[in-house]
Amino acid sequence: MIAGSMQPARYHAMKGATIMNDIIHQSVIELAEKMQLPERIVNIGELPWVPFTDNESCFFKPLRFDLSTGTWIYLFKIKSNQALGRHRHTGGSVIGYNIQGKWGYEGREWTATPGTFIFEPPGDIHTLLTGDEEVITLFILSGTLQYFDDNNQIVGQDDIYTVLKKYHHYCEQNGIAIREDLVY
């Protein structure tokens with residue numbers, strides 16, 4: 001029996017779409033279908049690795065720029081044996097899934113290896129260190145990424161607009177078509 005129902009579960013399973021209509025009125029379904037964003041399919045092999053830093057120690061492949069929330073999604077590639085300067089994320093958390101290589105934060109007990117899921121709340125200042133092989137991680141970020149010097153003074157920052165600008169500039173400089181469909 002389904003909770004709150006006098007009918008056996010198989011009866012409801014046989015009704016299929018009728019169950020949906022019993023729960024959500026057809027006009028709501030039609031409105032959602034009319035208003036929702038279209039599906040986006042991105043073949044990452046078609047996207048360039050864009051330098052993220054001036055010294056080209058790390059690169060990104062942009063997957064999505066959500067201007068309404070300030071969230072950007074990208075594959076992040078970091079060369080081996082790198083220390084990415086002290087930084088913090090403000091205005092949103094960081095979600096990561098490590099695909100290749102090993103990395104962690106200086107002074108922390110954990111190491112991200114392939115298959116590691118990472119959640120980082122906003123506000124912590126840390127230095128990312130890579131191991132002996134190149135790292136590739138899928139990141140979902142929101143807000144601002146602030147960079148610090150040794151005296152805890154902010155010396156730079158990135159957000160969705162500076163990252164989008166890096167992507168546009170790189171494409172323009174290298175004759176690569178800008179994928180406007182990544183902004184939605």
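**Close-up views of a predicted model**

**View 1. Asp 66 and Arg 64 are both buried, that is, under 20% relative accessible area, where exposed means over 50% and partly exposed lies in between (1.4 Å probe, protein chains only).** The side chains of these two residues, Asp 66 and Arg 64, meet in a salt bridge with an N to O distance of 3.3 Å, a salt bridge being a side-chain nitrogen of Lys or Arg within 4 Å of a carboxyl oxygen of Asp or Glu. The structure is a predicted model, in which local features need pLDDT of at least 70 and side-chain atom pairs count only at pLDDT 80 or more, while totals for chains, interfaces and linings use all residues. Residues are numbered from 1 along each chain as its sequence is written, and side-chain values use heavy atoms, with hydrogens and water left out.

**View 2. Salt bridges that share partners join Glu 46, Arg 179 and Asp 181 into one network.** Arg 179 meets Glu 46 at 3.5 Å, N to O, and because Arg 179 lies in the segment after α4 while Glu 46 lies in the loop between α3 (26-35) and β1 (50-51), the pair ties together parts that are 133 residues apart in sequence. Asp 181 also forms a salt bridge with Arg 179, the closest N and O atoms being 2.9 Å apart. Glu 46 counts as exposed at 53% relative accessibility, whereas Asp 181, with a relative accessible area of 30%, is partly exposed.

**View 3. Five strands form an open antiparallel sheet in the order β6-β8-β4-β10-β11.** Strands here are DSSP runs (E, at least two residues) and helices are runs of H or I of at least four residues, numbered from the N terminus, and two strands pair if DSSP finds at least two bridges between them. Because β6 (103-105) and β11 (154-158) stand at the edges with a single partner strand each, one side of each is left without a neighbour in the sheet. Strand β10 (residues 144-148) pairs with β11 over four bridges in the antiparallel sense, and the bridge partner of Leu 145 in β11 is Asp 158.

**View 4. The largest nonpolar core has 30 residues.** Such a core is a set of buried Ala, Val, Leu, Ile, Met, Phe, Trp, Tyr and Cys residues joined through side-chain atoms within 4.5 Å. The residues with the most contacts inside this core include Phe 52, Phe 76 and Trp 103. Phe 76 touches (heavy atoms within 4.5 Å) residues including Trp 49, Leu 84 and Phe 139, not counting residues up to four places away in sequence.
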